[in-house]
Amino acid sequence: MKIQRLFVAAALLSVSLAAAQKTTLTIGVFPDLDSVVKAALPGFNKLYPDIDVKINSLAYADHHNALTTALSTGKGANDVEAIDFGYVAKFAEGNGMTDLSKAPYNAGALASKFVGFTFPQATTQDGRIVAMPTDIGPGSMFYRTDLLAKAGVKPSQLNASWDSYITNGKKVVAANPGTFLIPDASEAAQIILRTGLKAGDGLYFDKSNKVLISPDNARFVKAFTVAKQIRDAKLDAKAGGAFSPEWTTAFQKGNLATEFSGAWLVGHMQNWLAKDFTGKWNAQNLPGNTFASWGGSFYGIPTQSANKDAAWKLVQYLTTNAAQQVLAFKTTGAFPALKAGQTDAVFNQGVVYLGNQKARLLWRTAAAKIQPLDVNKLDPIADQIVSDALGSVLDGSKDIPTALADAQRLVERRTR
Amino acid sequence: MTAPPAKLTPTPPIPKVGGWDNFQRKYAPYIFISPFFLLFFVFGLFPILFNAYLSVHEWQPGSGLGDMKFVGLRNFTDNLTDPTFWLSLKNTAILAVESGLPQHLIAIPLAFAINMGLKRAQSFITAIYFLPYITSVVAISVIFFTLFSWQYGVLNAALNSLHQIPILGVLFPADKINWLGERAFVQPSIAMVIVWRYVGWNMLLYLSGLQAIPGELYEAAAVDGATRSEQFRFITLPLLRPTIFLAVTLSLIGGFQLFEEPFILTNGGGGVGQAGLTTIMYMFRTYNAYSDAGLAAAMAWLLFIVIGLLTLVNNFAFGRSGTGNNEAAK
């Protein structure tokens, strides 16, 4: 009897010991990244059988709101948090996220393994690295082969320069009544704003926080001028931003000849946005030899996490493991931010939706050419003000110098 | 509360029983009423006080609570010198008028007609008019997007076919109108949705006001030979004044806190030239996109002051008699 009891006690003890050795890690994600992490776990647990990973998935906006609250109050964040590109700058300010540039993480040493523009996106002005890049959205020009063929315009004529984009775009629209060249003229401006920057400059601010927006800045003037030319030639559908109702309808009806976006747009097009047009869309580089990125995702570790070691192991596995990055690409089409993740044979395969075009090779080359931009904490404000200014130029209520001078003044009063 | 009626009519002293009875007598009311106060303290009073505290601090929602920096009144002066803040206030005022006036000008005669003309179908018709008010804004916006759409909208298709009619067609535009994408049309389009949504609500308010007017007055007027429109002018309107005061005050407050409709209809961006940017939207943007919680909190207080002043003006305009209390008491 006594021996039996002792045995049971010993058995219980050993079970609880084993449980104590196992670390439970939580990771906060949003769709589709939740599928990526789910697919990654078997491989991760093979390497680290003592780390249990629990996935907490919320809708895109809810996830980022919950993270904001958790960082504000210092409670409730997961050990690893996925952060979309649009939110990185926001979470980079303050001290809610662990600085991965310091020991024991030393993420700075890993920078060269990733596509060049990704690390600066998650690096603050004072040099902290708040998150590791996992996927990117290399931009390209998507175009309807049938609409172009009807106008006798070659894709190379469209993307040779912005001028030829407009001249030949007019031909495409003329040959296909009821269609538009591009959803919104402002897209061209946003791309031009992201090209031809001096090293160390951000989009709107230079290294010393000086505002770059000005009627004398050639980059801004050109961006606004090209967009205005597109609008005046009646080439755009005035659809506003991506995923607006007008944008969606135009796509579904097949009334768009081109669109600039990240590689991920293909997933949307084939699933719901332009289902009926399989094989009719193709991809080429953006006009005027420009390269830009649309979105991307990151993983960071909140400072409040109690399992930072285990969390870092998971982040490293998700971001620096080439096999995992390829798996993510195969699972959801998340384009690897890791260079070694872009060499798999799958990149040589054609994309069925794009008429079996080997577009992934195009995107890989484009990704390497995207310019890094230094982020500034006032970027969201400047972004809003500049796009308002652009709106005023496009609808003719302000001329370009006035709009830029006004925008400059509005941004400058925010800097202190 | 201070003078319980028990003192006025002396009752035989309560025999002393155990402490429990005493405890119940003394504290039970407080315990019964406590759920409301607990909820009010947590979800009503605390946010207001915290917001006041925030408004004199610089704080980014992404960093911890310990990172707050006291900045005095800087947030208030920053807002007052911000052209976009004033623009948003102007937009809000325009939208409040554009959407507020028609609401009442439609709702009062409508309520009068329903009250006078309909007997059996009254509740059914009222329910139909009230339906938009209880429908989700998102669902409403989806419908209005398809109505307002520039290229694919029902509204433009209708206008276009009206334009085809000979002679009369000149009255209708030949080109498609970009309702939500053109500066001149953004505010009227948003206002239209709000009017459509809140007419039913106001009508219900007025209907209940009308039903409180005694029927004998109308009968007496009818005997004296007053027509329907005279009855409306000389009996309904004056006696409806307290209701109008209430309804206008509610519209005023609602109008200045306008957020959902313009936010969704402009895809959160405020529309061309920021014509659809209301103050609450700008506050939300300042907090959410600009990560400046202190500035947003100060903006909330400034808007509170504006709404408070306008309510006072409204009170003054409709006079004290508007509330119907003072003169009745005298």
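Predicted model: local features only at pLDDT ≥ 70, side-chain atom pairs only at ≥ 80, totals over all residues.
1. Between domain 1 of chain A and domain 2 of chain A, the number of salt bridges is zero, a salt bridge being a side-chain nitrogen of Lys or Arg within 4 Å of a carboxyl oxygen of Asp or Glu. One residue pair, with both members at pLDDT 80 or more, is in polar contact between these two domains; a polar contact is a pair of N or O atoms within 3.5 Å, where within protein one must be able to donate a hydrogen and the other to accept it, and residues adjacent in sequence count only if both atoms are side-chain atoms. On the side of domain 1 of chain A that touches domain 2 of chain A, the residues divide into four nonpolar, three polar and one charged (Ala, Val, Leu, Ile, Met, Phe, Trp, Tyr, Cys and Pro count as nonpolar, Asp, Glu, Lys and Arg as charged, and the others, Gly among them, as polar).

2. Residues are numbered from 1 along each chain as its sequence is written, chains are lettered from A and ligands numbered from 1 in the order in which they are written, and side-chain values use heavy atoms, with hydrogens and water left out.

3. The domain assignment of chain A gives domain 1 as 25-136 + 296-349 and domain 2 as 138-293 + 373-412, with bounds that come from an automatic or database domain assignment. The C-alpha centres of domain 1 and domain 2 of chain A are 29 Å apart, and eight residues of domain 1 of chain A are in contact with eight of domain 2 of chain A, contact meaning heavy atoms within 4.5 Å. The two domains of chain A bury about 800 Å² between them, 60% of it on carbon and sulfur atoms; buried area is the accessible area (1.4 Å probe) that two parts lose on being put together, summed over both.

4. Turning to the two chains, 34 residues of chain A are in contact with 32 residues of chain B, and the area buried between chain A and chain B is about 2,700 Å², with carbon and sulfur atoms giving 46% of that area. Three salt bridges are counted between chain A and chain B, and B:Asp82 forms a salt bridge with A:Arg413, the closest N and O atoms being 3.5 Å apart. The interface of chain A and chain B also has 17 residue pairs in polar contact, both residues at pLDDT 80 or more.

5. Which elements give two or more residues to the side of chain A that touches chain B? They are helix 3 (60-73), helix 11 (245-252) and helix 16 (379-394) of chain A, where helices (H or I, at least four residues) and strands (E, at least two) are DSSP runs, numbered from the N terminus. Helix 16 of chain A gives the most, with six residues, and the residues on this side of chain A divide into eight nonpolar, 14 polar and 12 charged.

6. Over all chains the structure holds 42 aromatic pairs (rings of Phe, Tyr and Trp, the last by its six-membered ring, pair if their centres lie within 6.5 Å; planes under 30 degrees apart count as stacked, over 60 as edge-to-face and the rest as tilted). A:Phe329 and A:Phe347 form a stacked pair, 4.8 Å centre to centre with 10 degrees between the planes. Because A:Phe329 lies in helix 14 (residues 322-332) of chain A and A:Phe347 in the loop between strand 8 (335-336) and helix 15 (359-369) of chain A, the pair ties together parts that are 18 residues apart in sequence.

7. A cis peptide bond joins A:Ala103 and A:Pro104, with omega about 5 degrees.
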